[in-house]
Amino acid sequence: ALRERRAYGTRRGGMYLAVLGVAMIVTIIGLSGLAAARLQGRASRHVIEAAEARLCAEAGVDLVAYVMQQDSAWRTTKSSGQWWAGRAIGDGTVTVSVTDPLDGNLANREYDPVLVRCTGVRGNAQHILEVTLEPMGTPLPLLSTAIHTRGQLHITAGAQLRATGAPASTGGTLANEGTIVGSAECLIASPQGTVTGTLTQGAAAKAVPASNVAARYAALGTVISPGGLMESMVLSPGLNPYGAENADGVYVVTADSDLTIRNARIHGTLVVIAPGRTVRIRDSVFMHPARADYPTLIVDGTLALEITAGTPLSEGSMGVNYNPAGAPYMDQVDAVNDDSYPAEIQGLVHCKGQATVTASSLVRGMMIVESSAVSNAVSVSGTCEVIHDPALVTNPPMGYTSAVGMRIKPGSWQQSVAP
């Protein structure tokens, strides 16, 4: 009987321990479940906060786009740097900086891109987003013409103007005593002469660039003093025989006398401020822009184009090396005088006064002549050609647009990290 009681007590103790063990296991499982739930909740909260921080950063980009759309003068009313710090967006905040990555100056060039950096914060989560906005200009309608003037476009007797790829245009009278190979647009044609393409009379007037375009480019340029003659020389972003170089190839001449350019190569943008004076470009001259978003030539004065396109600019004939170190042509430089170059102007030519186009002058781009003179605003003699460059319409140069918007540069979205 004693043995039976002991065995029964042992069985009861074992059952108690078993029950206690099960209870402990259930308790541990329950506590583990609560801990896991808390961890899962915390992880879910972190995921939600991270998503909301990202949305705050994206909202910062939208804010920048809204300001640019509402304020056409944002480049001058805003500064390069932080625009907002800790601005509330829903339950989070965003800090936004807008910078000009080229020179830190938003105001000097409307065609500079901007880098937008937005830091979204929600709780303990932070998301940094960067995107580049690039300009998108609406071209002035005159950029769709080969040559345009506000005054009389005069083709002299026996002369030929070849307007290739776009019409010759005037907001005044077309006085065609010779031949236009191509189309023409005008207010009235008298006489009509020979136009091989379409002659449109009663054409709508076309706005010219803002009056401060020459001054804007002059402000970006390097002043040079060549006197009255630029001859047998090379001017480029990396080479300036008159002084310091300009990285964008913009050089400015202020002249109180006539200026002649002959037998020269100019790779850049030449701005000549010479009201009441004549800038004469003659013989074998090769001019082409260093930047696609800049014009090649701006003349505040009278322009005379007298280029002989059939006579290349020859190093051998001139005894001048036109692609030395600092002034490559098609990425090539050398130290020998055995190359030749086309005698022509590539890009946009802009004259604020009257213009004469003679000899066999060739322009690959377009010409703007602002003169509204009722007689010879533009006078064409000889056999001349202007070959329109459609890139001037798709990517108009700075200052030759009716409006400039900003768009996101494809492929520029990227997540960044804190410095």
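View 1. Buried denotes a relative accessible area under 20%, exposed one over 50%, and partly exposed the range in between, with a 1.4 Å probe and protein chains only. In a regular strand, side chains alternate between the two faces of the sheet. Strands here are DSSP runs of E with at least two residues, and helices are runs of H or I with at least four, both numbered from the N terminus. The model is predicted: local features require pLDDT of at least 70, side-chain atom pairs count only at pLDDT 80 or more, and totals for chains, interfaces and linings use all residues. Residues are numbered from 1 along each chain as its sequence is written, and side-chain values use heavy atoms, leaving out hydrogens and water.

**View 2. The strands that pair with β2.** Two strands pair if DSSP finds at least two bridges between them. Strand β1 (residues 81-89) is antiparallel to β2, with six bridges, and G81 stands opposite V98. The hairpin of β1 and β2 has two residues between the strands, and G90 takes a positive phi near 60 degrees there. Strand β3 (residues 114-122) also pairs with β2 in the antiparallel sense, over seven bridges; the partner of T99 in β3 is L115.

**View 3. Strand β24 and its parallel partners.** Of the eight residues of strand β24 (residues 344-351), seven are buried, so the strand is largely enclosed by the rest of the structure. Strand β26 (residues 362-369) runs parallel to β24 and is joined to it by seven bridges, with M367 as the bridge partner of V349. Three bridges join β24 to the parallel strand β21 (residues 297-307), where L297 stands opposite V349. Two bridges link β24 with strand β20 (residues 269-288), also in parallel, and M287 of β20 faces I345.

**View 4. The largest nonpolar core.** A nonpolar core is a set of buried Ala, Val, Leu, Ile, Met, Phe, Trp, Tyr and Cys residues joined through side-chain atoms within 4.5 Å. The largest one has 51 residues, and M230, I261, L270, I281, L303 and M367 have the most contacts inside it. Strand β20 supplies the largest share of this core, seven residues. Leaving aside neighbours within four places in sequence, I281 is in contact (heavy atoms within 4.5 Å) with residues including I261, M287, L297, L303 and I345.

**View 5. The pair of Y217 and Y294.** Rings of Phe, Tyr and Trp (its six-membered ring) pair if their centres lie within 6.5 Å; planes under 30 degrees apart count as stacked, over 60 as edge-to-face and the rest as tilted. The structure holds seven aromatic pairs. The ring centres of Y217 and Y294 are 5.1 Å apart and the planes stand at 85 degrees, so this pair is edge-to-face. Because Y217 lies in helix α3 (residues 213-220) and Y294 in the loop between β20 and β21, the pair ties together parts that are 77 residues apart in sequence. Y217 is buried at 1% relative accessibility, and Y294 is buried at 2%. The charged end of R291 sits over the ring of Y294, 4.3 Å from its centre; this term requires NZ of Lys or CZ of Arg within 6 Å of the ring centre and within 35 degrees of the ring normal.
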